[in-house]
Amino acid sequence: MTSYTPAQVTEKTGFTIDTLRYYERIGLLHEVGRTAGGRRVFTEQDVEFLQLLRCLRYTGLPVAEMLRFVELLRSGEATREERVEVLREHEQRVEAQIERLKEHQEHIRFKIRLYSGAPEMVPAG
C-alpha cells in the first residue's frame, strides 16, 4: 500500500499542512494514520478524498456543506441519493458561475479590442 507524508500530500492536493490539520480537527478528514513516531501517514485513498475536497472547495462549496456531504458519505449507502443531490445542486451553482465568468471574459475581450485600437472599435471620422 502506498503511503504519503504530509509534505507529499500538500504537493498532490494543493492544501497546506495547516489546512490538512484543520480538516482533520473539524472532521472533514477522518483520523489520519500515524507512524510509530507519531507522524501522520496518508494513504492513496486519503489523497483521492482530499482531491475531491479540493475540487469542491475550489468550486466554492462552503466548508459547512462539505461537512454535510462527508457526514452523508460516512453514513453509507442509505444516503446515496442525498449525496447525489448535494453534488447536483453544487454542479448547478458551478454552471451558473461559469456562465458569469464567460460574460466577464467577453467584457474583458471587448476592452482588449477597444484599447488595442482594433479597426472595428475606432470611431470613424
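Trainee: Is E89 buried, partly exposed or exposed?
Mentor: E89 counts as partly exposed, because its relative accessibility is 35%. The class covers what lies between buried, under 20% relative accessible area, and exposed, over 50%, with a 1.4 Å probe and protein chains only.

Trainee: And where is E89 found?
Mentor: In helix α5. Helices here are DSSP runs of H or I with at least four residues, strands are E runs of at least two, and both are numbered from the N terminus.

Trainee: Good. What should I keep in mind about the model itself?
Mentor: It is a predicted model, where local features need pLDDT of at least 70 and side-chain atom pairs count only at pLDDT 80 or more, while totals for chains, interfaces and linings use all residues. Residues are numbered from 1 along each chain as its sequence is written, and side-chain values use heavy atoms, leaving out hydrogens and water.

Trainee: Zooming out, how many helices and strands are there?
Mentor: The chain has 5 helices and 3 strands. In sequence order the pattern is β-α-α-β-β-α-α-α.

Trainee: What is the radius of gyration of the chain, and what would a compact globule have?
Mentor: The chain has 21 Å, whereas a compact globule of 125 residues would be near 14 Å. That radius is taken over C-alpha atoms, and the globule rule is 2.2 Å times the number of residues to the power 0.38. Along the principal axes, the C-alpha trace spans about 80 × 35 × 25 Å.

Trainee: What share of the residues is buried?
Mentor: Buried residues account for 24% of the 125 in the chain.

Trainee: Which residues touch the most other members of the largest nonpolar core?
Mentor: Of its 20 residues, those are V9, Y23, L29, F42, L50, L53 and M66. Such a core is a set of buried Ala, Val, Leu, Ile, Met, Phe, Trp, Tyr and Cys residues joined through side-chain atoms within 4.5 Å.

Trainee: Which helix gives the most to this core?
Mentor: α3 does, with 5 residues.

Trainee: Let's take Y23. What does Y23 contact, leaving aside neighbours within four places in sequence?
Mentor: F15, L28, L29, L50, L53, R57 and M66. Contact means heavy atoms within 4.5 Å.

Trainee: Now α3 and α4. At what angle do their axes cross?
Mentor: At roughly 145°, and the axes of α3 (residues 44-58) and α4 (residues 63-74) come within 10 Å. Axes are lines fitted to C-alpha atoms, for helices over the stretch in contact, and angles run from 0 to 180 degrees between N-to-C directions.

Trainee: Which residues make that contact?
Mentor: F49, L52, L53, L56 and R57 come from α3, and V63, M66, F69, V70 and L73 from α4.

Trainee: Last one: where is T79?
Mentor: T79 sits in the loop between α4 and α5 (80-115). T79 is buried, because its relative accessible area is 8%. Leaving aside neighbours within four places in sequence, T79 is in contact with L72 and L73.
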